[in-house]
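Let's walk through a protein model together, one stop at a time. Keep the sequence and the 3D view open as you read.

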Amino acid sequence: MEIKKVGVIGCGLMGHGIVQVAAQGGCEVIAVEAQQDFLDKGLARIEKSVKKLAEKAVEKGKATPEQAEAQAAATLGRIHGSLDKKDLADCDLVIEAIVENLDVKKALFKELGGLCAAKTIFASNTSSFPIGEMAAASGRPARFVGLHFFNPVQLMRLVEVVRTDATDEEVFAAARAFGEACGKSPVSCKDTPGFVVNRLLVPYMVQALQMLERGDATKEDIDTAMQLGCGYPMGPLTLTDYVGLDTTLFILQGWKERYPNEPAFEVPALLVKLVAEGKLGRKTGEGFYKWDGDKRS
Ligand SMILES: NC(=O)c1ccc[n+]([C@@H]2O[C@H](COP(=O)([O-])OP(=O)(O)OC[C@H]3O[C@@H](n4cnc5c(N)ncnc54)[C@H](O)[C@@H]3O)[C@@H](O)[C@H]2O)c1
């Protein structure tokens with residue numbers, strides 16, 4: 001069960017990166033978007049990133065300018081844009097990276113279930129929804145996995161490969177092998193909320209927020225403590241500003257609704273308040289901190 005032809009639906013922040021790493025890994029890739037302007041933007045991002053990587057390879061002496069150029073051209077030559085999901089019919093694997101809305105994702109997989117060949121494996125890049133619900137909607141739960149990449153996809157080495165109780169063993173192995181072909185280190189996980197990384201990370205961010213709410217320590221001291229005491233590249237409140245307070249709240253509220261008795265999924269009032277005030281983090285210029293681009297004050 002070798003994965004050679006891959007479809008990626010959604011060519012936004014995550015999707016364009018997935019398209020790129022799959023093409024770098026030698027797959028033919030069809031990138032499907034909802035609108036031409038989004039597709040153009042996604043493909044332009046990929047071209048810029050592929051060319052930057054080629055320049056770096058030359059700088060580091062890993063390739064001659066000719067080799068780097070030929071490799072970049074080969075990667076870009078394997079990528080084809082489309083606005084028509086029918087072009088995904090004979091893919092070995094189709095990865096969904098559209099908006100984080102479960103009903104929209106379920107409707108998409110239902111449609112794909114009718115469009116794609118029986119061999120096609122489906123994968124979702126969701127950060128927070130149960131893989132099993134989308135698998136059921138697709139009509140082919142045995143051929144369904146989670147493939148959770150991290151942002152920025154081109155640089156982050158992890159992919160979480162998520163299996164449900166219904167996932168076929170060979171399908172799971174093929175999905176892991178695809179992750180490796182993309183240059184990632186796959187980890188396997190069951191279909192549990194947040195998989196490995198977010199299940200540990202989001203409650204940690206919540207604890208930091210609750211410390212701030214209680215006045216146990218200032219935001220600067222909480223962040224400095226975790227940076228210097230644990231060697232983390234940034235503290236939890238800075239990290240929440242990067243992730244987006246709205247995204248964090250959305251994930252937590254979804255989990256709280258599904259698992260009301262899980263104490264780690266408490267929604268801090270401070271998070272609700274800041275989101276209501278439009279303080280969503282770095283992207284809006286203010287969250288826990290004020291932001292000017294990457295500069296924090
Ligand atoms: N942003 C992150 O750090 C991150 C990390 C891991 C996983 N994810 C998950 O990846 C998914 C995508 O997130 P993103 O940050 O790339 O979002 P994004 O908004 O940047 O991109 C989504 C893209 O999907 C397109 N789209 C929406 N509906 C579509 C449809 N029906 N058909 C074709 N294209 C469609 C949109 O036009 C948009 O370009 C979400 O499920 C998110 O939870 C995000």
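Phe195 is found in the loop between β8 (185–190) and α7; here helices (H or I, at least four residues) and strands (E, at least two) are DSSP runs, numbered from the N terminus. The phi angle of Phe195 is near 50°, a positive value in a residue other than glycine. Most residues other than glycine have a negative phi, and most peptide bonds are trans. Phe195 counts as buried, because its relative accessibility is 4%; buried means under 20% relative accessible area, exposed over 50%, and partly exposed in between, using a 1.4 Å probe and protein chains only.

Before going on, please note that this is a predicted model, in which local features need pLDDT of at least 70 and side-chain atom pairs count only at pLDDT 80 or more, while totals for chains, interfaces and linings use all residues. Residues are numbered from 1 along each chain as its sequence is written, and side-chain values use heavy atoms, with hydrogens and water left out.

The one from Asn151 to Pro152 is cis, with omega near -5°. You will find Pro152 in the loop between β6 and β7 (158–163).

Next come the cysteines. A disulfide is a covalent bond between the sulfur atoms of two cysteines. Here it is taken as a pair of cysteine sulfur atoms within 2.5 Å, and by this rule the count comes to 0 disulfides. Cys182 is in no disulfide either, as the nearest cysteine sulfur, that of Cys27, is 6.2 Å away. Cys91 is buried, with 0% relative accessibility, and Cys182 is buried as well, with a relative accessible area of 7%.

Cys91 also leads us to Thr120. The backbone oxygen of Cys91 lies 2.7 Å from a polar atom of the Thr120 side chain, which is a polar contact (a pair of N or O atoms within 3.5 Å; within protein, one must be able to donate a hydrogen and the other to accept it, and residues adjacent in sequence count only if both atoms are side-chain atoms). Thr120 lies in the loop between α4 and β5 (121–124) and is buried, with a relative accessible area of 0%. Although Thr120 and Arg143 are 23 residues apart along the chain, their C-alpha atoms are separated by 7.4 Å.

Let's turn to the aromatic rings. A pair of aromatic rings is described by the distance of the centres and the angle of the planes. Rings of Phe, Tyr and Trp (its six-membered ring) pair if their centres lie within 6.5 Å; planes under 30 degrees apart count as stacked, over 60 as edge-to-face and the rest as tilted. How many aromatic pairs does a search of the whole structure find? There are 8 aromatic pairs. In one of them, the rings of Phe109 and Phe144 have centres 4.7 Å apart and planes at 70°, so this pair is edge-to-face. It links distant parts of the chain, with Phe109 in helix α4 (residues 102–115) and Phe144 in strand β6 (residues 144–149), 35 residues apart. Phe109 is buried at 0% relative accessibility, and Phe144 is buried with a relative accessible area of 0%. Phe109, Phe122 and Phe144 form one aromatic cluster.

In the same way, the charged end of Arg296 sits over the ring of Tyr289, 3.9 Å from the ring centre.

Our last stop is the ligand. An oxygen atom of the ligand is 2.9 Å from a polar backbone atom of Leu13, and a backbone N or O atom of Met14 lies 2.8 Å from an oxygen atom of the ligand. For Ile98, a polar backbone atom is 3.3 Å from a ligand oxygen.

Methods. Lys NZ or Arg CZ within 6 Å of the ring centre and 35° of its normal.
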